[in-house]
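We will go from stop to stop, with something to select at each one.

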Amino acid sequence: MLKSIPPTNRTLKGKTALITGSTSGIGLASAHVLAEQGINLVLHGLLSDDEGISLAQEFSKKYLIKAIFDNANLMDSNAISAFMNKAIKVMGSIDILINNAGIQHIEAVDTFPENKWNAIIAINLTAAFHTIQLALNGMKANSWGRIINIASVHGLVASKNKAAYCAAKHGIVGLTKVVALECAEYGITANAICPGWVDTPLINDQISDIAKTEKSSFEQAKYQLITAKQPLPEMMAPRQIGEFILFLCSDSARSITGSSLPMDGAWTAQ
Ligand code: NAD
């Protein structure tokens with residue numbers, strides 16, 4: 001007999017979201033989108049304690065939510081455990097887990113430095129394995145959870161000079177599918193969002209490299225980078241990813257699980 005999952009409370013207000021890498025770019029913009037709905041936040045990223053605490057205070061004051069900050073280095077599994085356990089203790093539970101933190105390094109595979117490979121796999125992939133493992137108990141106990149992994153078009157297709165990034169992003173797409181299968185009967189969904197170009201600091205080095213090689217302006221190089229692979233000739237605003245995350249958290253999205261969802265200006269339609 002089919003087990004029916006009880007309808008969930010339609011409001012997300014009062015739930016807690018933990019967003020890794022929410023001090024910049026997509027994570028920070030998504031934190032604002034969720035906070036606007038009254039969702040409490042665990043903010044995280046590589047800021048000093050003082051900077052992070054003041055960011056959390058800004059969120060609490062502006063949105064009247066509970067917000068805390070942690071700067072655990074995601075390359076360190078012990079630091080991840082301490083971070084997650086503290087967050088669960090202080091907030092009660094993690095209802096929405098957004099694995100977003102990520103780094104990039106561009107170099108051909110034959111000279112790709114091992115330390116960069118290890119860092120990208122640790123931060124962009126292994127950290128999500130740890131956070132998911134540590135968040136699942138509470139989500140299962142509450143019979144509700146949303147796990148959203150920020151992958152990339154590079155979780156679906158490859159580009160030259162991105163060996164570690166593509167390996168990590170393809171890996172997180174696979175991890176997402178397994179978690180979705182294992183958690184479907186608990187009211188927990190797991191999905192990966194696969195963005196094309198998003199206007200954040202992560203891609204500035206790539207733009208600068210093109211500008212240097214082509215002797216062009218930063219803006220010209222940016223346009224060249226976008227249009228090389230993405231038919232839609234514009235970058236996404238980080239907030240657009242946040243709006244999509246919000247939808248995936250809603251009850252309307254309860255049947256979307258195990259999906260790798262491109263948001264890529266038709267990049268992977270080719
Ligand atoms: P960003 O550089 O603006 O933010 C990265 C965040 O990760 C920061 O908060 C940073 O502090 C945190 N971080 C980095 N290394 C860390 C570490 N060792 N420990 C803890 N935190 C660490 O980048 P973004 O563009 O907002 O990227 C967010 C996610 O989106 C990444 O996973 C990235 O791969 C993915 N993505 C970005 C784009 C794009 O075009 N910008 C496209 C597709 C996917």
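**Stop 1: the ligand**

Select Leu 74 and the ligand: a backbone N or O atom of Leu 74 lies 3.0 Å from a nitrogen atom of the ligand. That is a polar contact, meaning a pair of N or O atoms within 3.5 Å. You are looking at a predicted model, where local features need pLDDT of at least 70, side-chain atom pairs count only at pLDDT 80 or more, and totals for chains, interfaces and linings use all residues. Residues are numbered from 1 along each chain as its sequence is written, and side-chain values use heavy atoms, without hydrogens and water.

Next, pick Lys 169. One of its polar side-chain atoms is 2.9 Å from an oxygen atom of the ligand. How much of the ligand does the protein bury? The protein buries 93% of the 840 Å² that the ligand exposes when taken alone (areas by the Shrake-Rupley method, 1.4 Å probe).

Now show the surroundings. There are 30 residues around the ligand (a heavy atom within 4 Å). Thr 23, Ser 24, Asn 100, Tyr 165 and Thr 200 come nearest.

**Stop 2: two aromatic pairs**

Rings of Phe, Tyr and Trp (its six-membered ring) pair if their centres lie within 6.5 Å; planes under 30 degrees apart are stacked, over 60 edge-to-face, and the rest tilted. The count comes to two aromatic pairs.

Select Phe 59 and Tyr 63. Their ring centres are 5.7 Å apart and their planes meet at 40°, so this pair is tilted. Both sit in helix H2 (residues 49–63), four residues apart, about one helical turn. Helices here are DSSP runs of H or I with at least four residues, strands are runs of E with at least two, and both are numbered from the N terminus. Buried means under 20%, exposed over 50%, partly exposed in between (1.4 Å probe, protein chains only).

Move to Trp 197 and Trp 267. This pair is tilted too, with 5.6 Å between centres and 45° between planes. Trp 197 lies in the loop between strand S6 (188–195) and helix H6 (204–214), and Trp 267 in the segment after strand S7 (260–263), so the pair ties together parts 70 residues apart in sequence. Trp 197 is buried at 8%, and Trp 267 is buried at 6%.

**Stop 3: lysines over rings**

Select Lys 15 and Trp 144. Lys 15 lies over the face of Trp 144, 4.3 Å from the ring centre. The rule: NZ of Lys or CZ of Arg is within 6 Å of the ring centre and within 35 degrees of the ring normal. Finish with Lys 140, which lies over the face of Tyr 186 at 4.7 Å from the ring centre.

Notes. A polar contact is a pair of N or O atoms within 3.5 Å; within protein, one must be able to donate a hydrogen and the other to accept it, and residues adjacent in sequence count only if both atoms are side-chain atoms.
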